[in-house]
Amino acid sequence: MNRIEEEKREVEIWQRTDLKREMSSEDMQKIVKSGITRCSKDSGCLSRKISGEDACLCIRSLFPSEEHYGLYLEMRGWYLTQLAEKVAIATIGEKDD
Ligand SMILES: [Zn+2]
């Protein structure tokens with residue numbers, strides 16, 4: 001099997017895997033707080049070229065399945081909103097009426 005076929009097969013398996021496959025909630029929490037670093041366009045990541053940035057090996061090595069990754073994106077969005085609210089309140093101060 002060549003590298004491209006192998007890559008496609010791995011992505012397929014990753015996408016078919018569901019949340020039943022374990023990722024500890026601590027790991028998830030950590031990653032939601034810290035965020036993830038994607039490989040850049042110019043990193044020469046072959047996986048990214050074949051599978052795109054949302055399914056490349058860098059993402060797949062962090063999340064056991066695509067569903068976990070989706071969950072992360074949701075939680076990360078929520079987390080950033082909460083954070084922005086806190087910062088806004090700290091900066092502007094709470095309304096004193
Ligand atoms: Zn990558």
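## Burial and basis of the model

Buried residues account for 13% of the 97 residues in the protein. A residue is called buried if 20 or more other C-beta atoms lie within 10 Å of its own, exposed if 12 or fewer, and partly exposed in between, with C-beta atoms placed from the backbone.

The model is predicted: local features need pLDDT of at least 70, side-chain atom pairs count only at pLDDT 80 or more, and totals for chains, interfaces and linings use all residues. Residues are numbered from 1 along each chain as its sequence is written.

## Elements and overall form

The protein has five helices and zero strands, in the order α-α-α-α-α from the N terminus. The radius of gyration is 18 Å, well over the 13 Å that the globule rule gives for 97 residues, so the protein is more spread out than a compact globule. Helices (H or I, at least four residues) and strands (E, at least two) are DSSP runs, numbered from the N terminus. The radius of gyration is taken over C-alpha atoms, and the globule rule is 2.2 Å times the number of residues to the power 0.38.

The C-alpha trace spans about 70 × 35 × 15 Å along its principal axes. Of the contacts between residues at least 6 apart in sequence, 71% join residues at least 24 apart; a contact requires C-beta atoms, placed from the backbone, within 7 Å.

## Nonpolar core

The largest nonpolar core has seven residues: Trp14, Val32, Ala55, Cys56, Ile59, Phe63 and Tyr72. Such a core is a set of buried Ala, Val, Leu, Ile, Met, Phe, Trp, Tyr and Cys residues joined through C-beta atoms within 7 Å.

Leaving out residues up to four places away in sequence, Tyr72 touches Met28, Ile31, Val32 and Phe63.

## Helix α2

Helix α2 covers residues 25–34; one of its 10 residues is buried, so the helix lies largely in the open. Gly35 follows α2 and has a positive phi, near 80 degrees.

The 27 residues of α5 should span 39 Å at 1.5 Å a residue, and the end C-alpha atoms are 39 Å apart, which agrees. The expected span is 1.5 Å times one less than the number of residues. Two of the 27 residues of α5 are buried, and the helix is hardly covered.

Gly93 lies in the segment after α5 (66–92) and takes a positive phi of about 85 degrees. Gly93 counts as exposed because it has 8 C-beta neighbours inside 10 Å. From C-alpha to C-alpha, Gly93 and Met28 are 31 Å apart in space, and they are 65 residues apart in sequence.

How values were computed. Two residues are in contact if their C-beta atoms, placed from the backbone, lie within 7 Å.
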